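Welcome, and thanks for taking a look at this one. Have the coordinates open as you read; the tour goes through a sheet, its helices and then the confidence scores.

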Amino acid sequence: MNLTKTRKIAQVLILSAVRARRRNSNPVVEAKSRLINNKIAAVGFPLITIATYLIFYRGGLPLELISSALSQAFVFLPVFSLFLMVVNGLIFEITLSEYNTSTDIINWLPLRASEYVVGSTISSIYFSLPFLMVFYGVTLGASAYVGQLLIWVATLMVSLMAILIGGFFIEFVRAFMNEASSVISKRGGRFSQVLQLVSTVSIIAVLALFFNYKVLIKVMEWFGFTLEQVWFIPIMWPSMIIQSLINQNITNSTLYTVGSLALMVASYSLGSYAREKYWVPKPITMSIGSSVKVRDRKTGSLVARPEQVIASKDLKALFRKKEMMTLLAIPLMLFLLNFINMDVSVLWDDAARAADRLGVFILPGMGLFMMSLYVSMVSIGQEGRGFMNLQISPVTPRQIILGKASVGWMVSAIILVGMLAVECYFIRIPMDAFFAVCVIGVATITEACCLGLMVGSMFPDFTEVPRARFISSGGVIGILGSGMVVLVTIAPGLLNHFVWSNNLSFWMTGLITLVLAGVVCLLSISIAERKLKELLLMN
Amino acid sequence: MINEYAVKIENVSKSFGDTNAVKQLNLNIPQGTIYGLLGPNGSGKSTTMKMIMGLLKPDNGNIEVYGINPQTTPYEVKKIIGYVPETPQLYEFLTAMEYLEFIATIHELEQNEYESKVNEFLKAFELVGHENEVLGGYSHGMKQKIAITAALLIEPKLLILDEPLGGLDPKSARIMKDLLNRLTEEGVTVVFSTHVMEIAEAVCDNVGILYKGELLTEGTSDQLKELSNTPEGTLEEAFLKLTDSSSVRDIVEALAR
């Protein structure tokens with residue numbers, strides 16, 4: 001293995017990802033993007049370490065308590081680092097646009113698969129550095145305070161091995177996923193689309209849980225007590241080394257070290273083998289049957305109106321582009337979070353108040369709002385270079401807006417109906433209250449779609465890069481603003497319930513919400529139309 | 001009043017920051033002809049084409065396409081123009097068939113109008129069997145063929161082609177050249193830019209040479225050769241002489257050393 005080549009390929013992979021994220025219209029400014037994660041880590045690590053030490057020093061917590069928590073953290077860190085690499089790699093792979101996997105250049109360079117695998121792993125480590133800096137900085141500070149520096153050093157060494165295991169393994173997964181995706185696409189047609197959609201949404205939602213603090217705490221507790229029971233799972237071996245060291249079991253510690261080293265070599269070989277075998281990224285050749293045509297209402301011929309055909313195209317983008325599919329994971333993600341954070345047993349408890357049962361649906365409801373907002377917001381930027389098709393076509397800004405707004409609305413409405421049906425089943429609330437919930441739901445998703453289009457047309461980002469954002473940084477203000485506006489719209493119902501002791505009827509608060517939502521929709525559509533007119537010009 | 005010219009450009013200028021992309025351009029393109037816009041990189045060819053399309057707004061001057069102003073009524077102009085950009089800009093998540101259906105529907109074509117035509121183009125460009133594959137997997141040449149099909153599908157009155165033959169295989173390029181001649185016989189006007197002088201010489205009724213945003217000269221290939229004192233030479237020699245690229249031989253000599 002040529003280390004200079006490996007270092008260079010790592011540098012190029014990091015730079016390409018960094019510059020893709022900091023895409024700038026000025027190529028000179030873009031070229032000035034530097035690698036900062038290593039600098040942040042170099043400065044942040046000692047700062048976090050010292051800060052943690054001082055916090056414990058002044059906090060006066062019992063040494064035994066810190067020591068016990070630290071032991072759990074030491075055991076947890078190696079496997080956490082391994083998972084971090086895997087999760088980072090998977091997220092990168094899932095959110096990577098299929099049409100931006102252009103690593104063709106490596107195909108005709110005199111580069112060995114093993115050099116690429118190590119280079120790519122180094123680049124993955126680079127992007128995990130800020131996380132690692134926090135975890136290892138905090139534990140070093142605490143270790144220094146309780147005098148467990150040696151075990152911290154051992155944990156660091158073992159974690160490094162775990163990081164490499166994770167990094168090499170994900171290389172195998174990425175090469176394999178590329179091949180599998182290509183094979184399934186060729187054979188499966190529409191089935192492969194559904195498969196890809198379901199797997200992407202599920203993986204994203206489950207991965208999001210991994211970073212939930214409650215889940216982490218549960219995992220930590222689990223590690224503290226039952227780790228020894230899962231000795232047969234190889235990825236746990238690095239953590240078992242530390243566990244054995246803490247228990248002063250040198251035999252087990254040595255065994256797990258040998259096992260972990262073997263695992264590292266195996267994952268390296270597997271990664272290199274997969275990259276070697278599937279070296280050339282396969283172009284996507286997904287074959288799909290001819291689409292269903294929309295029948296025109298006026299002529300009866302198979303001609304769709306421009307709005308319908310734009311909506312149909314955007315719907316396909318939502319279900320076919322990987323970076324768009326991730327948006328569909330938002331409600332599912334919040335729904336799963338709900339089950340961890342809330343006591344959902346109230347749904348089956350006849351004695352529970354209707355308000356408590358309704359509360360279970362607040363988080364998924366927010367997820368639905370966010371999904372409607374995001375789907376509409378990115379609908380303009382996601383056009384990418386293809387936006388030229390709209391620029392050269394005889395379509396008016398209003399037709400584009402109506403077509404695009406209908407996509408987010410349709411998808412959200414389907415989920416909303418499902419949610420309302422579940423609410424109906426679990427919450428036996430009066431008819432007028434149910435009406436208020438329906439109105440709030442419909443008003444929220446309609447407003448979110450209109451506001452999303454307004455923000456998307458004001459801050460579009462057409463650049464097609466890995467992890468494309470589709471809206472520029474200014475869009476963040478738009479998202480916050482949209483949240484505030486929706487809050488104001490649904491405020492009558494909330495105020496009536498919590499402040500005015502239900503003085504107004506649900507019918508009245510629902511009506512006020514509808515009027516407010518109507519005004520917001522008209523205003524935002526008007527702004528979006530004006531902005532889109534400007535975008536249709538290339539000036 | 002019948003418009004004699006398909007495209008009329010009067011005193012049009014366009015700048016991007018400090019760069020004057022097009023300077024005081026005057027151009028009249030007769031209906032039913034093939035007009036070749038020639039010029040080195042950065043001479044203003046694409047900018048001119050985009051202004052004709054109504055995609056770019058001129059800083060000053062006036063443009064008319066079949067008597068319609070593309071700046072004030074872009075919708076009407078887009079209805080009658082077919083455009084093929086230098087790099088095909090397609091929706092890569094759609095299949096070729098879905099993309100062509102999208103374009104046809106946006107242009108309000110009836111299915112029976114476009115379906116047989118799509119099949120003919122797919123057959124001519126040897127894309128049959130690939131029509132239900134997503135465009136993301138297509139090669140550059142295949143994408144270019146789909147972009148050309150989309151532009152021709154709508155039966156445009158004016159066809160704007162920015163380097164249309166780049167990426168096409170010889171057979172498809174030949175089909176394209178013959179097709180352009182057939183289209184002009186039916187009254188379609190074609191404006192196209194190219195760097196390949198042989199193509200311009202073989203296909204164009206008139207050529208205009210743009211250089212640093214200005215129209216150096218225009219006329220038939222023979223007229224340009226006369227003008228550059230190379231009546232027996234090729235259009236390429238005339239072009240190089242007119243655009244002050246006569247030092248090419250010295251550059252080649254220096255590079256070969």
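Two strands count as paired if DSSP finds at least two bridges between them. With that in hand, turn to chain B of this predicted model, where strand S3 (residues 34-38) and strand S7 (residues 189-193) pair in the parallel sense over 4 bridges. Within this pair, B:Tyr35 stands opposite B:Val191 of S7(B).

Where do S3 and S7 sit in the sheet of chain B? The order is S5-S6-S7-S3-S8-S9, an open sheet of 6 strands with mixed pairing. Strand S5 (81-84) and strand S9 (214-219) of chain B stand at the edges; each has a single partner strand, so one side of each is left without a neighbour in the sheet. On average, neighbouring strands here are turned by 15° against each other, direction ignored.

Next come the helices. Helix H5 (residues 140-153) of chain B packs on the sheet, where it touches S5 and strand S6 (158-162), and its direction makes about 175° with that of S5(B). Helix H6 (residues 170-185) of chain B lies across S3, S6 and S7, running at about 145° to S7(B).

Now for a word on confidence. Chain A averages a pLDDT of 78, and 74% of its residues score at least 70. Two stretches of chain A have a pLDDT that stays under 50:

| Stretch of chain A | pLDDT | Contacts beyond four places in sequence |
|---|---|---|
| residues 98-102 | under 50 | 11 contacts |
| residues 290-303 | under 50 | 22 contacts |

Where pLDDT is low, the predicted coordinates should not be read in detail.

Methods: Residues are numbered from 1 along each chain as its sequence is written. Chains are lettered from A and ligands numbered from 1 in the order in which they are written. This is a predicted model: local features need pLDDT of at least 70, side-chain atom pairs count only at pLDDT 80 or more; totals for chains, interfaces and linings use all residues. pLDDT is the predictor's confidence in each residue, from 0 to 100. Two residues are in contact if their C-beta atoms, placed from the backbone, lie within 7 Å. Helices (H or I, at least four residues) and strands (E, at least two) are DSSP runs, numbered from the N terminus. Axes are lines fitted to C-alpha atoms, for helices over the stretch in contact, and angles run from 0 to 180 degrees between N-to-C directions.
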